[in-house]
There are 6 protein chains.
Amino acid sequence: MRPSERRADELRPLRFTRGYTRHAEGSVLVEFGETRVLCTASVEGRVPPFLRGQGRGWITAEYGMLPRATSERTAREAARGKQGGRTLEIQRLIGRSLRAAANLELLGERSITLDCDVIQADGGTRTASISGAWVALRDAIDGLMAKGQLKQDPIHAQIAAVSVGVYQGTPVLDLDYAEDCTAETDMNLVMDGSGRFIEVQGTAEGTPFSREELDALLELGAAGIRDIQAAQLAALKGS
Amino acid sequence: MRPSERRADELRPLRFTRGYTRHAEGSVLVEFGETRVLCTASVEGRVPPFLRGQGRGWITAEYGMLPRATSERTAREAARGKQGGRTLEIQRLIGRSLRAAANLELLGERSITLDCDVIQADGGTRTASISGAWVALRDAIDGLMAKGQLKQDPIHAQIAAVSVGVYQGTPVLDLDYAEDCTAETDMNLVMDGSGRFIEVQGTAEGTPFSREELDALLELGAAGIRDIQAAQLAALKGS
Amino acid sequence: MRPSERRADELRPLRFTRGYTRHAEGSVLVEFGETRVLCTASVEGRVPPFLRGQGRGWITAEYGMLPRATSERTAREAARGKQGGRTLEIQRLIGRSLRAAANLELLGERSITLDCDVIQADGGTRTASISGAWVALRDAIDGLMAKGQLKQDPIHAQIAAVSVGVYQGTPVLDLDYAEDCTAETDMNLVMDGSGRFIEVQGTAEGTPFSREELDALLELGAAGIRDIQAAQLAALKGS
Amino acid sequence: MRPSERRADELRPLRFTRGYTRHAEGSVLVEFGETRVLCTASVEGRVPPFLRGQGRGWITAEYGMLPRATSERTAREAARGKQGGRTLEIQRLIGRSLRAAANLELLGERSITLDCDVIQADGGTRTASISGAWVALRDAIDGLMAKGQLKQDPIHAQIAAVSVGVYQGTPVLDLDYAEDCTAETDMNLVMDGSGRFIEVQGTAEGTPFSREELDALLELGAAGIRDIQAAQLAALKGS
Amino acid sequence: MRPSERRADELRPLRFTRGYTRHAEGSVLVEFGETRVLCTASVEGRVPPFLRGQGRGWITAEYGMLPRATSERTAREAARGKQGGRTLEIQRLIGRSLRAAANLELLGERSITLDCDVIQADGGTRTASISGAWVALRDAIDGLMAKGQLKQDPIHAQIAAVSVGVYQGTPVLDLDYAEDCTAETDMNLVMDGSGRFIEVQGTAEGTPFSREELDALLELGAAGIRDIQAAQLAALKGS
Amino acid sequence: MRPSERRADELRPLRFTRGYTRHAEGSVLVEFGETRVLCTASVEGRVPPFLRGQGRGWITAEYGMLPRATSERTAREAARGKQGGRTLEIQRLIGRSLRAAANLELLGERSITLDCDVIQADGGTRTASISGAWVALRDAIDGLMAKGQLKQDPIHAQIAAVSVGVYQGTPVLDLDYAEDCTAETDMNLVMDGSGRFIEVQGTAEGTPFSREELDALLELGAAGIRDIQAAQLAALKGS
């Protein structure tokens with residue numbers, strides 16, 4: 001029995017609230033149960049130095065947690081003077097995943113920054129961030145196209161992500177914090193709309209996992225991602 | 001005529017949403033029109049080194065802005081590796097203002113951190129932060145008292161804040177961003193429930209201001225703060 | 001009775017020593033009693049990136065304290081690897097106050113940095129800095145005009161500052177450290193030569209202050225600033 | 001055809017040189033072809049603050065690259081003032097992987113730091129680091145046991161790692177830099193001596209990868225890791 | 001002919017002003033011509049962690065330059081967020097040199113920090129700092145002895161320093177900035193009262209120097225240091 | 001008797017291994033007994049901003065120690081977030097010494113960075129670094145000349161360095177760590193091929209040293225450097 005009484009293959013209630021804030025070109029509050037992340041897409045008409053003058057665009061991500069998103073207060077990274085290893089690792093993952101969605105040549109010499117800020121954490125913040133950031137990116141690109149600033153859609157893939165893990169011996173989908181703390185194995189999957197993989201990151205927290213367990217987790221995750229992608233598309237229709 | 005078509009002495013619509021997030025001992029989303037700040041109060045059972053062993057508590061504040069709270073994206077302070085001067089100045093002001101609300105001896109050897117994170121900015125984020133943080137602090141203290149961890153209420157004052165300024169020659173209350181950008185004078189007032197001052201901070205942005213203008217701004221602010229304090233109390237009743 | 005036996009409305013002995021060091025375009029040692037601050041004005045023929053190519057100038061300030069300017073040694077900010085919040089707040093105040101003195105268009109594409117370094121601290125270092133920096137700025141501008149590098153004087157206002165506060169229930173002028181430590185209210189005023197306000201910053205350190213107390217402090221400060229401005233002008237004549 | 005003319009399932013020449021430097025409790029130069037990493041294990045008789053007084057030990061890792069380990073000089077992280085995201089990510093991976101090898105209770109209140117410093121880079125530095133660090137750890141533990149400081153062996157698993165990837169459409173084992181740069185998919189596997197997984201990290205660099213490709217990579221990697229583990233054991237016998 | 005018209009073996013006018021500021025236990029303004037450095041000695045009743053509980057004291061130094069001590073403004077190290085290599089090198093030299101003056105066992109578990117802050121620079125700031133810091137240290141120790149906090153004098157040597165160099169082919173004593181900039185060789189000597197060496201640091205700026213030149217510089221420096229030591233003692237008598 | 005049983009004027013076994021790594025334009029492992037330093041020379045086709053457009057080149061150095069190069073593990077500077085004072089001092093010394101070898105005009109608008117990374121430390125790492133870096137620099141320049149990128153050889157001097165010191169009252173050459181720890185005087189000499197001095201840095205660690213001791217150390221060092229220079233030339237012939 002999962003602490004939340006969900007079935008092993010059951011996602012938490014999902015919600016994508018578009019237009020959550022007003023200034024960003026894309027602004028989505030994504031909720032996976034009690035996990036809430038604000039994902040904004042900011043379009044700027046310049047690219048980082050290493051790309052200048054090549055006519056290509058750039059997509060990058062930054063991740064943060066409000067200090068009291070967690071059950072114990074976490075020290076503010078701005079006050080500590082640096083982003084921690086976990087933060088850097090997560091924002092690198094989000095950036096890579098979203099770049100896999102787009103053709104950077106078609107984007108032109110622009111950059112889009114996806115800021116994923118965790119308002120409340122209950123497990124799965126990185127996968128929620130990726131899933132929400134894709135919707136924010138889609139909105140930002142649609143805005144550029146509507147204003148005629150882009151002729152051709154640079155987005156060629158729908159990206160979503162979910163966590164899976166082995167909890168008390170059973171593979172389960174979309175771990176919340178209570179499960180995540182004690183899971184033997186923790187895996188994050190990022191997939192595209194055709195069910196292919198962008199990222200697979202699995203870690204044995206306690207005992208190593210077998211090939212059979214890995215296979216079961218991959219199945220469970222693939223099914224979950226299909227549901228998340230349906231929710232993304234439904235949210236985009238609902239404007 | 002103000003850009004928002006408000007009267008000179010008219011506040012923006014105010015809202016204090018308590019319990020906005022679940023982990024913090026106090027969690028309030030404060031809205032002054034389009035300005036939205038999440039204020040959380042985190043109670044910890046220890047004090048900073050300089051206070052240890054004295055039986056007194058501590059109240060402090062931290063302030064941050066999500067990168068896309070603003071119309072142009074602002075660089076993330078955690079990524080830049082330090083908090084800017086404006087941030088430090090604001091969080092020092094919030095901390096001082098809230099310490100004026102409480103008797104730190106009665107708080108006992110505990111600290112309360114007020115995190116004020118701007119979700120969306122439209123002027124007046126520091127005064128909204130103070131007004132919201134007081135409600136979050138009140139909720140956190142009430143929680144400690146309800147659990148019997150505090151016998152006597154350490155809060156002896158109700159604190160609220162507002163901005164006033166001279167916009168196109170006229171003193172106005174509660175400036176939004178459109179007014180703030182071009183105001184000749186900008187003043188932040190922090191007051192207690194008896195109409196006395198905790199902080200007065202006025203700056204001539206363009207032309208210096210006269211004693212008469214100063215007096216007019218102080219009157220306007222005092223009236224505004226009375227309304228904000230009424231809204232704070234109404235929100236606290238509404239749980 | 002004040003610790004220094006001064007009357008409530010009495011300034012400490014003032015001294016502005018021009019040409020205190022030889023390299024800077026303006027170099028003034030300002031003394032308010034035992035408080036001594038070296039204020040230098042450095043002229044450079046370029047402006048910060050955000051102003052380039054606009055034909056306008058820039059005036060900014062930096063503030064520091066020698067480690068043993070204080071009764072207990074203060075850690076060196078360069079060694080700690082960052083400037084503290086108090087330092088940043090003070091240097092922002094000095095910079096804003098001095099910019100109010102000048103027409104930056106007339107200054108041309110140059111920047112002037114006012115470095116205020118506290119040699120010895122006995123209360124009121126930020127207001128002494130502002131008062132001394134104005135004299136250093138005046139000297140630097142006069143030098144540019146004498147060399148024909150400026151045709152028209154960009155300085156349109158005389159700026160001075162003083163602290164006032166409520167000490168043992170009585171409003172007093174120009175607090176020294178012994179008073180500052182225990183004052184109930186502490187206020188810094190920056191004013192121009194016509195008695196108008198550039199900055200008003202008042203803080204209740206202990207009990208909040210009433211409108212009547214605020215009025216008394218403003219009167220006291222205005223009178224003190226007139227005397228400081230007379231001393232500034234006398235020093236400028238004395239070269 | 002691979003640039004190195006290796007077969008798809010062929011490792012580069014492997015070498016583990018134990019006792020490469022004299023001060024460390026374990027010191028191994030690991031070579032995977034032209035990739036050379038010095039892995040040292042340092043035993044210290046204390047643990048980080050969060051573990052003090054619990055009677056448990058700690059294993060952690062740090063990773064670095066000499067500036068000219070790469071074909072173009074890379075800026076020195078010590079001079080830049082911080083470790084980059086890639087470095088932090090890699091050292092977190094090495095630390096997690098090695099902790100999976102040991103029972104930290106049996107280690108007692110000691111910490112072992114595995115420093116992996118890349119002398120020369122030609123792809124696969126993180127997996128070489130893990131494979132070499134395990135040998136250094138084994139040597140350090142054997143030393144503690146030989147001196148009677150440990151009664152029972154805290155190491156319960158043999159850990160090795162390898163990279164696999166899809167290069168020009170073909171799954172290949174142990175990518176060198178020429179392959180790594182252009183690989184469509186890049187995957188790092190960390191496994192124990194019974195063929196179970198400690199970490200699986202796969203990234204689609206260009207096109208997403210299918211479940212079939214993933215399966216092929218997992219097979220290839222598992223076979224490669226068996227060979228690396230045989231080489232680790234041979235090196236340990238050879239003292 | 002030297003730019004200052006001094007003879008090759010002539011020091012600049014020397015002045016040691018004791019009691020220059022009031023808070024420090026020792027406070028000396030040292031002037032070598034236009035070079036002016038404020039040296040303060042601060043006594044604190046604790047030692048750094050690595051010395052705790054050993055009953056021994058510690059002497060250390062910090063060095064800084066006011067931004068406009070130099071002919072062009074130098075960026076403030078506190079604002080840049082770190083001390084430069086030159087600063088660290090100089091303060092390490094000052095600290096080592098002063099530790100050579102004292103018996104740290106006799107000092108007891110106290111530390112003395114010598115802050116050397118350059119008010120105006122005209123060459124030779126590091127040697128002026130050492131010479132001035134010794135007087136400040138002497139004053140601080142005399143104060144401790146006068147108050148009965150030290151029974152036995154921990155200072156067993158008189159320390160002074162001077163620069164020598166080869167300027168236009170001729171060895172000269174006590175280089176000013178005009179000489180320092182173009183000197184072929186620059187050497188700093190730190191010596192005790194019996195004419196033995198504490199530090200010898202010679203650098204060929206342009207052409208390498210011969211053993212004969214080295215010998216000439218050592219002679220010149222030794223004579224200069226005898227005069228500086230006489231001036232130190234005269235200043236100490238003059239209180 | 002020296003701990004290593006060497007005669008007072010005996011160097012440790014020297015070895016210069018050229019081509020130690022493959023990417024750098026010059027790559028030399030230098031060994032002075034158990035001290036081993038990897039010195040690489042990296043050529044880049046640009047110079048630092050302060051030299052741009054002048055047609056001159058630049059030579060600089062960076063120094064680092066692997067954490068377990070020492071008998072106790074030293075904290076990694078990249079992880080601590082800054083290079084220590086000792087590191088900065090050493091790399092400034094190496095850079096100055098190597099610049100004395102070359103005519104920067106003849107080098108053209110290129111920079112050469114000499115990275116000296118200590119693999120294993122047993123005293124004398126800075127002098128070994130200088131001696132090894134000169135060989136790496138020579139190799140890098142020879143490569144540029146062989147490719148026709150330089151017409152004229154910019155290297156006009158052969159540079160080598162050695163440490164000397166007073167150990168148990170006797171001047172000795174090339175101190176190892178056991179001697180270095182307890183030496184009364186420690187001196188580093190950098191000399192050119194004609195026996196002239198580039199740098200002389202002597203420090204009294206315990207008792208001050210006399211002019212006679214200084215002379216003896218200079219003699220001893222000069223003889224040692226002649227042997228090191230012979231070994232440098234032999235290594236360069238041996239390719």
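How far apart are the nearest C-alpha atoms of chain C and chain D? They are 11 Å apart, and the two chains do not touch; contact here means heavy atoms within 4.5 Å.

Okay, some housekeeping. This is a predicted model, where local features need pLDDT of at least 70, side-chain atom pairs count only at pLDDT 80 or more, and totals for chains, interfaces and linings use all residues. Residues are numbered from 1 along each chain as its sequence is written, chains are lettered from A and ligands numbered from 1 in the order in which they are written, and side-chain values use heavy atoms, with hydrogens and water left out.

Let's start with strand E2 of chain B, residues 26-32. Strands are DSSP runs of E, at least two residues, and helices are runs of H or I, at least four, numbered from the N terminus. Seven of the seven residues in E2(B) are buried, so the strand is largely enclosed by the rest of the structure. Buried means under 20% relative accessible area, using a 1.4 Å probe and protein chains only. In a regular strand, side chains alternate between the two faces of the sheet. Here B:Gly26, B:Val28, B:Val30 and B:Phe32 are on one side, B:Ser27, B:Leu29 and B:Glu31 on the other, and both faces are covered.

Who are the neighbours? Strands pair if DSSP finds at least two bridges between them. E2(B) pairs antiparallel with E1(B), residues 14-18, over five bridges, and B:Leu29 is the bridge partner of B:Thr17. E2(B) also pairs antiparallel with E3(B), residues 35-44, over seven bridges, with B:Glu31 opposite B:Arg36. E2(B) and E3(B) make a hairpin with two residues between them, and B:Gly33 in the turn has a positive phi of about 60 degrees.

One bridge pairs B:Thr203 with C:Glu199.

Last up: chains A and B. A rotation of 180 degrees with 0.0 Å of shift along its axis superposes chain B on chain A, RMSD 0.0 Å, by least squares on C-alpha atoms of residues with pLDDT of at least 70 in both. That's the relation of a two-fold axis. Within chain B, B:Ala78 comes closest to the rotation axis, its C-alpha at 1.9 Å.

Notes: Buried means under 20% relative accessible area, exposed over 50%, partly exposed in between (1.4 Å probe, protein chains only).
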